[in-house]
Amino acid sequence: MKSSPLYLAVAGALLTTPAIQAAPPADWSAVPATEITLFYPGVSAMEWITKGTEHGGARALRKGETCADCHSDEAADMGKKMASGQKLEPSPIANKAPFIESRVQAAHDGQNLYLRFSWQQPAASGAAPMDAKNPVKLAYMLEAGSQVELAEQGGCWASCHGDARSMPGAADSKTKYVKNGSLAGGVYYDLNQWRSGENKTYDGHIAEERVMEGGTALKGASGAQNGGTWSVVFTRAFAGGPGDVTLEPGKVYNFGFAIHDDHASGRYHHVSLGYQLGIDAEAGIIAKRQ
Amino acid sequence: MKDPDVRQSALKRLLAFLRRPSAHYSLGVLLLAGFAVGVIFWGGFNTVVEATNTETFCLSCHEMRDNVYPEYQQTIHYTNRTGVRATCPDCHVPREWTHKMVRKVQASRELWGKLVGSIDTPEKFEAKRLQLARNEWARMKANDSRECRNCHSLESMNAASQKQRARKQHEMAREDNMTCIDCHKGIAHKKPQGMTEEDEE
């Protein structure tokens, strides 16, 4: 029994199948894409956004509307206003790209989530690099159960505060954080990032502060630029450890992402409004089983 | 020094004249004349009142010309695609006669302010801006943005022609029975510093 050819064949097939499956879709063109405009956000922190005398949308947020409900059509225009310094930007960077049109594709195979982000590389601003090592960084955040206040409505925006580093007058040591953040209490964002220069991924979380490492769900990411088009693919296991949101088919997660373009760091990124990512479930971005 | 007796008798003479029945003119002629004088008087009164309801009149005070007018010139009520405009009286003076008269009487206090120069420098104006704005916001809330609704009708808004954000906000305004000024503070003049949560709606 132990070494009969049939036994060996079946055992071999069972043992090697998971390894063959654990790869992103070979043909991404078959996977539907969601077009999302990332825009330059200036100094629009949560404190400003939730202040009714500054932002007419604060009332809508209190009523449960999402940011995208009002703003999805005008993301590019908002980026233009802020990048030019017309609104909410005390120190505009000359020639900073106001927005980046991007496409997001998602798929899964029951064990891993595969996310592909693609966009056209905008013209360089000519400004001095803030992050000399990495021309481009891409990060996304996942949140489960809407424990983080306003995550369901604003994606990762709830991590952005007026006293976080690179905001005017902020201490350089203070990272992004979440109100009432608590890893143990389930009030956190799962953060996955890829850096182009280092060609490395970071799997962390944001609760009371941002921790760049410690997550185990992110298996890796590969990114490359072809002509002017970037394509970055993340492979993330459904489950990890503390600080990793557990993904399950049929469920929907709060989602947002950002690109640090042009050697940017801190707040000088281009960000998305809040969206939902569904694993075989109806949402703005749907990951279907391949 | 005038003789007090002479002055008194002049008044008495006038009263006597008015009380005496007409010797030369018929009742009809007197009525017609009275009617004509009344029309002239009423027309004159209204012409003068309406003259104070013009942008030109408002701008004759430098307090308005130098502070709120330049701000208004940057807005859509001053210049836009169709050239349909709202000038100072369109928003700040009621159209209906009774409301207009009430407002005019209230506004006479501004003559006193002009006399004593309560806002006659940019610094004094900025110091009082929040209070002045709140006065107008309160007046507009109390009359359900009546002056806005002289031209704009929430019910007749064509949602399909509006941008996404405007469409959503007006939907919510209808749902929650809001009034124009709740959200459209700063539509024609800069919003003041120091607004609080109570000013939000």
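1. The two chains of this predicted model meet through a contact in which eleven residues of chain B touch eleven residues of chain A. On the chain B side, helix α8 (residues 164–175) supplies the largest share, with five residues. Sorted by class, the side of chain B that touches chain A is made up of six charged, three nonpolar and two polar residues.

2. As for confidence, the model carries an ipTM of 0.85 and a pTM of 0.87. Within chain B the mean pLDDT is 94, and 97% of the residues reach 70 or more.

3. The secondary structure of chain B consists of nine helices and zero strands, so that, read from the N terminus, its elements run α-α-α-α-α-α-α-α-α. The radius of gyration of chain B is 25 Å, well over the 17 Å that the globule rule gives for 201 residues, and chain B is therefore more spread out than a compact globule. Its C-alpha trace spans about 75 × 45 × 30 Å along the principal axes, and 8% of the 201 residues of chain B count as buried. Of the contacts in chain B with a separation of 6 or more, 62% are between residues 24 or more positions apart.

4. In general, an α-helix has 3.6 residues a turn, so residues three or four places apart point the same way.

5. The largest nonpolar core has 70 residues, of which A:Ala106, A:Leu115, A:Leu138, A:Leu142, A:Val178, A:Tyr189 and A:Val232 touch the most other members. If neighbours within four places in sequence are left aside, A:Leu115 is in contact with A:Val104, A:Ala106, A:Tyr140 and A:Phe234. Another core, of five residues, lies apart from the largest one, and its members include B:Val68, B:Tyr72, B:Cys91 and B:Ala188.

Technical notes
Residues numbered from 1 in each chain as written. Chains lettered and ligands numbered in written order. Predicted model: local features only at pLDDT ≥ 70, side-chain atom pairs only at ≥ 80, totals over all residues. pLDDT = per-residue confidence, 0-100. Contact = placed C-beta atoms within 7 Å. Helix = DSSP H or I, 4+ residues; strand = E, 2+ residues; numbered from the N terminus. Nonpolar A, V, L, I, M, F, W, Y, C, P; charged D, E, K, R; others polar. Core = buried A, V, L, I, M, F, W, Y, C linked by C-beta atoms within 7 Å. Buried ≥ 20, exposed ≤ 12 C-beta atoms within 10 Å, placed from the backbone. Rg over C-alpha atoms; globule rule 2.2 N^0.38 Å.
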